[in-house]
Amino acid sequence: MTTATGLRIRDLTVTYPGPRSGGLGRRTPITAVRDVTLDVAPQETVALVGESGSGKSTIAKAVVGLAEPASGSIHYDGKSLLERRTGNRGTRRAIAMVFQDPRSSLNPRLSAEACIAEAWQAQPDTAPDGVRRNPRRRRDAVVDLLAQVGLDPDVAGKRPPALSGGQCQRVSIARALALNPRLLICDEAVSALDVSVQAQVLQLLVKVRQARSLSMLFITHDLGVVRQVADRVLVMRHGELVENAEVQTLFTAPRHDYTRELLAAAVDLDAAG
Ligand SMILES: Nc1ncnc2c1ncn2[C@@H]1O[C@H](COP(=O)(O)OP(=O)(O)OP(=O)(O)O)[C@@H](O)[C@H]1O
């Protein structure tokens with residue numbers, strides 16, 4: 001039996017090859033993430049914050065298999081996501097990701113319906129009955145997902161270039177939901193959108209999280225967003241986790257100097273806006 005423990009990352013270190021010194025010289029590896037340990041419990045929303053280059057996206061990429069850890073472990077509900085040969089595909093399916101820029105994560109030549117249905121081709125056992133053979137069922141399943149993200153049925157036939165940024169991001173969210181995930185990783189999922197659209201997409205994410213009892217790892221540099229969505233906040237700096245706090249505590253009694261700097265910078269931005 002599987003125990004629902006959610007995401008558990010232990011001592012994760014990820015390095016990239018880095019640039020060659022002097023053209024053809026040796027590469028100096030970049031340690032993007034160093035000894036990071038974190039949990040996302042079932043139905044919990046955890047925000048991962050920190051300045052650009054602090055390693056937030058690299059953690060997300062390691063979880064979904066887009067970056068290879070140098071050391072450490074990543075488990076979901078007790079099963080390792082790193083041991084490829086031990087049949088972890090079922091576990092990987094529990095996790096879906098929404099990226100920052102929907103225009104580059106959706107194929108501009110495919111209709112929204114085909115973009116969403118791609119998810120079922122990539123992971124056939126997540127597909128509802130019949131959708132891979134029966135176009136009518138496929139359309140119905142897509143329209144149902146579009147409704148869940150607040151889009152009209154006619155969006156199914158449109159290609160991403162004919163949709164607004166907010167609509168594209170909703171299609172990306174529908175594609176993630178098509179996989180029926182337990183954990184949704186949102187990597188700056190609203191930061192490329194206009195401010196008014198950001199709020200709507202954020203509300204949508206909160207709604208689907210509640211409706212589907214999802215847990216979320218919410219990567220953002222925007223502390224205003226953190227306050228609205230997160231239960232707990234992890235602060236990263238130079239590849240390391242420097243603070244792990246309940247959201248209220250982080251805003252009222254930050255412990256690390258760097259967290260205080262981030263909060264002060266956010267207040268300044270608010271004052272400037
Ligand atoms: N594919 C890559 N090859 C080499 N270095 C990389 C690669 N991806 C990221 N890095 C480096 O790893 C470090 C962490 O990057 P990462 O994208 O994880 O940070 P981040 O906190 O998500 O930043 P941002 O908010 O700008 O996306 C940075 O120094 C970055 O330049």
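**View 1. Strands S7 and S8 of the predicted model run parallel.** Strand S7 (residues 183–187) is joined to strand S8 (residues 215–219) by five bridges. Leu183 stands opposite Ser215 in S8. Strands are DSSP runs of E with at least two residues, helices are runs of H or I with at least four, and both are numbered from the N terminus. Two strands count as paired if DSSP finds at least two bridges between them. Residue numbers start from 1 along each chain as its sequence is written. Because the model is predicted, local features need pLDDT of at least 70 and side-chain atom pairs count only at pLDDT 80 or more, while totals for chains, interfaces and linings use all residues.

**View 2. Six strands form an open sheet with mixed pairing.** The strand order is S6-S7-S8-S3-S9-S10. Strand S6 (95–98) and strand S10 (240–246) are the edge strands, each pairing on one side only. From one strand to the next the twist averages 15° (axes are lines fitted to C-alpha atoms, for helices over the stretch in contact; angles run from 0 to 180 degrees between N-to-C directions).

**View 3. Helix H6 (residues 165–178) packs on a sheet, touching S6 and S7.** The direction of H6 makes about 175° with that of S6. Contact requires C-beta atoms, placed from the backbone, within 7 Å.

**View 4. Leu217 touches Val40, Val46, Leu48, Ala60, Leu183 and Ile185.** Residues up to four places away in sequence are not counted in this list.

How values were computed:
Two residues are in contact if their C-beta atoms, placed from the backbone, lie within 7 Å.
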